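Here is a short briefing on the side chains of one protein model. It covers charges over rings, aromatic pairs and the nonpolar core.

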Amino acid sequence: MASQGLTTVVPVKPCSFNRSNTSKATAALRLLSPANPSVHALRATSASGCGTGRARRRCASSATAAPASVAGGGGGVEKMVEEWPAVPREQVEVIRSLNGWVAENMLPLLTPVESSWQPHDYLPRSSAAPGSSEAEALEAFAGGVAELRAGAARLPDEVLVCLVGNMVTEEALPTYQSMGNRTEGLGDDTGSSSLPWARWMRGWTAEENRHGDLLNRYLYLSGRVDMRQVEITVHHLLRNGMDMLVPKSPYHSLIYGAFQERATFVSHGHTARLAARHGDRALAEICGVVAADERRHEAAYTRACAKLFEVDPDGMARALAHVMRGKVTMPGQLMSDGRDGGGDLFARFSAVAQRAGVYTASDYGDLVEHFVRRWRVAELGGGLSGEGRRAQEYVCGLGPKIRRMEELAQRRAARGEPGLAQFSWIFDRSVTVG
C-alpha cells in the first residue's frame, strides 16, 4: 500500500522550507489542497450515504465529538469521543451479499504462499548455503552487501527521501489492517473468519507485509540513511494513526483502496526507473516487484468498485464524489520524525516526490481520470437520484479541473525560486524542492 503515494494534495506550510519556496511543487500542492484542509471538519458535515435534506442534517448532527469522563486516576480527566455517522444498512447488506463474488473474482488475485516472492529473495543471503562453511557464508554475505552498497551509493538524496517516505508508509501496515477490520461488512470479526472478505483482508495484509520488510532491510544494508531516525518516524506514524473521512463505510474504503493501490503502483514504478537510471539495479528490481504487487491489489479493489457501481450506482456515485471532495488523503500523512517542525514532514516529503517525479500532481489527475473511465461514471443513467446525478457531474468534471489547476501552478512556479527542505532521515541534509 503505501508509497508517497496517493496524492500531492496536501497543504504545504511555506515556513517549513526555504523562504524562496514558491516553486512548482509547492504551488501545485497549495492549489490542489482541500478547500477545507481539516478532515475532521469534513467528517462533521458529510458522510457516506447521507443524502439531501433530513438525512444530511441527521448525519451532520451525529458526527460530533463529545467529552467523556475517563474513570480512574483520581481526577476529572476528560477526553473527546468522536461519534461517527452510522453506515447505511443497505451498504452493509450489499457488501455481505458479494462474498461469493469476492471468492471468485478477488481471492484468485492473491498469490499462493508457496509461489510468492519473499524479501530474502532480493537481498544478500545471510546464512550458509547447504554445503558451505560459516566462513564462506560470511564472505559471500559481505560481498553481497558490498555490491548492494555500491549501487546505493549512486542514489541522489531526493531518491533516498522518496524511498524512505514510501518505506515508512508501508511499515504502518498494522494501522491499515485495523482500519479494514473496522469497516462494516468487510472486517474479519473473529480474527480467522472463513468469509471471503475476511480472507481477502488477511491475504492482502500478508502480501503487503513483505513490502515494508524488503524496503527496510535494503535501507539498513545500504548505509545511506539514519536508520534510527527512520525507525522513530515509523514509531510515530503507528502511534498517530491515519485519517479517513468515513472510516466504517465499505464504499468509501474500497474506493480509497483502489486509488491508494494505483498511486502506490505509480510511485514504486517511478522509483524503480529512477534507481535504474542512477545505476542501482538491486533497488530497481526491489521497487519493481513491489509495484507489481500493488498493481494486482489495485485490480482487486477496482473490480470490487466496478461491481458495486453495477449493484448500487447511486450510492457509489455519491461515495466517490464525497471521497473526491475530501481528497484522497495519504495514509502516511501523520508521519513525524519527532523533531521541531516534524508535523510538516509529509508535506516536505510530498514536495520532494513532486520535484523528483516519483508522484506528482499530474499523476493524481491521471488517477482521477482513469477511475472515472474504468467505472464508466459518465455512463451511469437510470437509478441515480438527484444527488447522485450531481455527484456524477462533479466527478466527471474533476479531471479537467485538476489539469487546469496544475497548469496554473506551473505558471506561478516559473516565477519563483527553488527552496530547500531538511530531512533527519539523511543526516539532516537538505534537498531542493520546487
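Arg210 lies over the face of Trp117, 4.1 Å from the ring centre. Arg325 sits over the face of Tyr394 in a like manner, at 4.3 Å from the ring centre. The model is predicted.

**Aromatic pairs**

- The count of aromatic pairs comes to nine.
- One of them joins Trp200 and Tyr301: the ring centres are 5.7 Å apart and the planes stand at 85°, so this pair is edge-to-face.
- Trp200 belongs to helix 9 (residues 196-222) and Tyr301 to helix 12, so the pair ties together parts 101 residues apart in sequence.
- Both Trp200 and Tyr301 are buried.
- Phe259 and Phe371 have ring centres 4.6 Å apart and planes at 45°, so the pair is tilted.
- This pair also links distant parts of the chain, with Phe259 in helix 11 (residues 250-277) and Phe371 in helix 15 (residues 361-374), 112 residues apart.
- Phe259 is buried, as is Phe371.
- One aromatic cluster is formed by Phe259, Phe309, Phe371 and Trp375.

**Nonpolar core**

- The largest nonpolar core has 107 residues.
- Tyr218, Phe259, Trp375 and Phe423 touch the most other members of this core.
- Helix 12 (residues 281-311) gives the most to the core, with 14 residues.

**Around Phe423**

- Leaving aside residues up to four places away in sequence, Phe423 touches Val161, Leu345, Arg348, Phe349, Val352, Asp428, Arg429 and Val431.

Conventions
Residues are numbered from 1 along each chain as its sequence is written. This is a predicted model: local features need pLDDT of at least 70, side-chain atom pairs count only at pLDDT 80 or more; totals for chains, interfaces and linings use all residues. Side-chain values use heavy atoms; hydrogens and water are left out. A nonpolar core is a set of buried Ala, Val, Leu, Ile, Met, Phe, Trp, Tyr and Cys residues joined through side-chain atoms within 4.5 Å. Buried means under 20% relative accessible area, exposed over 50%, partly exposed in between (1.4 Å probe, protein chains only). Helices (H or I, at least four residues) and strands (E, at least two) are DSSP runs, numbered from the N terminus. Contact means heavy atoms within 4.5 Å. Rings of Phe, Tyr and Trp (its six-membered ring) pair if their centres lie within 6.5 Å; planes under 30 degrees apart count as stacked, over 60 as edge-to-face and the rest as tilted. A charge sits over a ring if NZ of Lys or CZ of Arg is within 6 Å of the ring centre and within 35 degrees of the ring normal.
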